[in-house]
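Please examine the structure shown below alongside the explanation that follows.

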Amino acid sequence: MNCNEFNECVCEIVDKRLNEERTNELLRHADVCPHCKYEFQTMQATKNIVHTKMKRQSVPADVYYSIINATLNSGHSSWFKKLFGVNLNPAIAFVFLAVVGVGLYSVFVPQNNRMPEEANIISQSLKNYQAVIGGSIKPQLVSTEDDVHSFLEKDVSFEVNVPKMKGCSSCAGVLNSFKGVKLAHVVYQLGDKSIIYIYQADLAEAMSGNIIGLPDEAKEELIKTDWYVRELEGNRTIVLWKYKNTLCSAVSEMKKDEMIALLTDKE
Ligand SMILES: [Zn+2]
């Protein structure tokens, strides 16, 4: 551990984005290096001031997204770098805490009259995908790809699906719950622009429609064929399929053939 390495990570420590082991390793350096200790304490103090003195203001969703899109479309650096200002080793994966608090572009979603829109897995998947590309997510910790899988599976009762994907340059995981139903989320960055997001929930829970659910059309197709694939308005493709005791719901801007090829490619 040297001062350069510490300096590169000091923001991540302050924002608590690193795992415990890595954090401790870095803090041990700060314990013996007065310069880095000062750096760390200054950064921490600045963050505290920003948090206590600044008030967050909401902006209309269309304003928010036009800002985000302008930011995302400028330059050529990676999606992760644009969102989080850090360069990552491609082998390293992010674990995210989803912070979804903004409105959405209207997208076409097959409706089921008895089910509230917010409980619809397809709506949730599209909303989360938008949040991912819009950047309203916050990295929680940085870890290896295997760690992401373990992190996700530790907290849920269903089998988490983190398939290896051709051309994947970054992979990320998110855990949260919807009205007590545990959900796992995986995000892949493929090349410079393409992103695939996979929402995962307990299959029985999803099919029951008690708390989360699917439109009848999607449910029937899943029962008959194990798959449900639609190209929706707004350039979104959604692919639902069964994986062991898990319902997976993937969203991307790819065409359906390309997306299915990626999702079914066994390496
Ligand atoms: Zn130092």
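In this predicted model, Ala172 stands opposite Val187, a residue of strand S4. The pairing to which these two residues belong joins strand S3, residues 168–178, to strand S4, residues 181–190. The two strands run antiparallel, and ten bridges link them. Together S3 and S4 form a hairpin, with two residues between the strands.

The turn of this hairpin deserves attention for its backbone. Lys179 lies in the loop between S3 and S4, and its phi is near 45 degrees, a positive value in a residue that is not glycine. For context, most residues other than glycine have a negative phi. Is Lys179 buried or exposed? With 9 other C-beta atoms within 10 Å, Lys179 is exposed, because a residue counts as exposed when 12 or fewer such atoms lie within that distance.

Attention now turns to the helices at the start of the chain. Two packed helices are described by the angle between their axes and the distance between the axes. Helix H1, residues 3–14, packs against helix H2, residues 20–32, at an angle of about 120 degrees, and the axes are 11 Å apart. The crossing of H1 past H2 is left-handed.

Which residues of H1 and H2 meet? On the H1 side they are Phe6, Cys9 and Ile13, and on the H2 side Thr23, Leu26, His29 and Ala30. By class, the residues of this contact comprise five nonpolar and two polar, with no charged residue.

The protein has ten helices and eight strands. Of its 267 residues, 33% count as buried. Among the contacts in the protein with a separation of 6 or more, 65% are accounted for by residues 24 or more positions apart.

Note on methods
Residues numbered from 1 in each chain as written. Predicted model: local features only at pLDDT ≥ 70, side-chain atom pairs only at ≥ 80, totals over all residues. Axes fitted to C-alpha atoms, helices over the stretch in contact; angles between N-to-C directions. Helix = DSSP H or I, 4+ residues; strand = E, 2+ residues; numbered from the N terminus. Left-handed = near helix turned anticlockwise from the far one by under 90°. Contact = placed C-beta atoms within 7 Å. Nonpolar A, V, L, I, M, F, W, Y, C, P; charged D, E, K, R; others polar. Pairing = 2+ DSSP bridges. Buried ≥ 20, exposed ≤ 12 C-beta atoms within 10 Å, placed from the backbone.
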